[in-house]
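Welcome! Have a look at the sequence and the 3D structure, then try the exercises that follow.

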Amino acid sequence: MGLQLRISDVWKSYDGCPILQGTSFTFDASGVYVLMGDNGTGKSTFLRICALLEKQDRGTVSYLSDGQVLPHDIALRRRVTLVLPKIGIFNKTVFDNVAYGLKLRGFEKEAVRDRVEKAVDFVGLRPKMKQPALTLSSGETQRMGIARALAINPEMLFLDEPAAFVDVKNRDIIEEVIVNLGREGETTVVLTTHDRAQAGRLSERLMVLENGLIRAD
Ligand SMILES: Nc1ncnc2c1ncn2[C@@H]1O[C@H](COP(=O)(O)OP(=O)(O)O)[C@@H](O)[C@H]1O
Ligand SMILES: [Mg+2]
């Protein structure tokens, strides 16, 4: 078993406006979790806090492995990643964009190539590997962002509205990628959507964020 994430009594306000109000949740199995909620309820805020990119005002965010709480150090950060609804793109090829995190981590050239090829295969972008990333369609761009995250084999993968700005064809591909990740069972996927039908297609583990609290749906 990989990482367990335990969110306990987490509070967060912006400019005195309460967003998360003492919410708790435990992600304890591999597979796909879907967080739903209206616009502005705090889904993205919650994901950033879970992904250790932003600090909560109060409460605890604990990653555990074999029952031991792990320090929030670089080793842990490398096991966790967040993909935003609009990913950052470098003015380079798809290959180079997907390889980015691997190069940062000092992987050898061959290992980089193997992992990039596997990741672009997974999202159906293998034929586009040499294309300048800035010329991809928005759906393909989003798939590239997922490939970039997958290349580093994260144990916790947070996807913030992964199909929000894409057409139906790309949405279907992205949904298939997520379902396949769930089946493989090596990565815990936590994603947000405001599309209830999509949530139902992706998982049975549904959650709703409302009035600053998460509840199972
Ligand atoms: N860094 C920030 N500074 C000030 N307000 C923020 C910040 N991040 C988010 N907010 C506000 O917090 C609320 C929740 O935002 P968000 O987490 O993006 O919701 P959701 O993803 O559910 O649409 C919104 O009103 C948003 O404007
Ligand atoms: Mg959001």
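A polar contact is a pair of N or O atoms within 3.5 Å; within protein, one must be able to donate a hydrogen and the other to accept it, and residues adjacent in sequence count only if both atoms are side-chain atoms. This is a predicted model, where local features need pLDDT of at least 70 and side-chain atom pairs count only at pLDDT 80 or more, while totals for chains, interfaces and linings use all residues. Residues are numbered from 1 along each chain as its sequence is written, chains are lettered from A and ligands numbered from 1 in the order in which they are written, and side-chain values use heavy atoms, with hydrogens and water left out.

**Exercise 1.** Find the polar contacts that oxygen atoms of ligand 1 make with Gly 40, Thr 41 and Thr 45.

*Solution.*
- Step 1: start at Gly 40, where a polar backbone atom is 2.7 Å from a ligand 1 oxygen.
- Step 2: go to Thr 41, whose backbone N or O atom lies 3.3 Å from an oxygen of the ligand.
- Step 3: at Thr 45, a side-chain N or O atom is 2.5 Å from a ligand oxygen.

**Exercise 2.** Work out which strands pair with β1 (residues 4-14).

*Solution.*
- Step 1: strands are DSSP runs (E, at least two residues), numbered from the N terminus, and two of them pair if DSSP finds at least two bridges between them.
- Step 2: β1 pairs with β4 (residues 58-65) in the antiparallel sense over six bridges; here Ile 7 stands opposite Val 61.
- Step 3: β1 also pairs with β2 (residues 17-27), again antiparallel, over eight bridges, and Trp 11 has Gln 21 as its bridge partner in β2.

Note on methods:
Helices (H or I, at least four residues) and strands (E, at least two) are DSSP runs, numbered from the N terminus.
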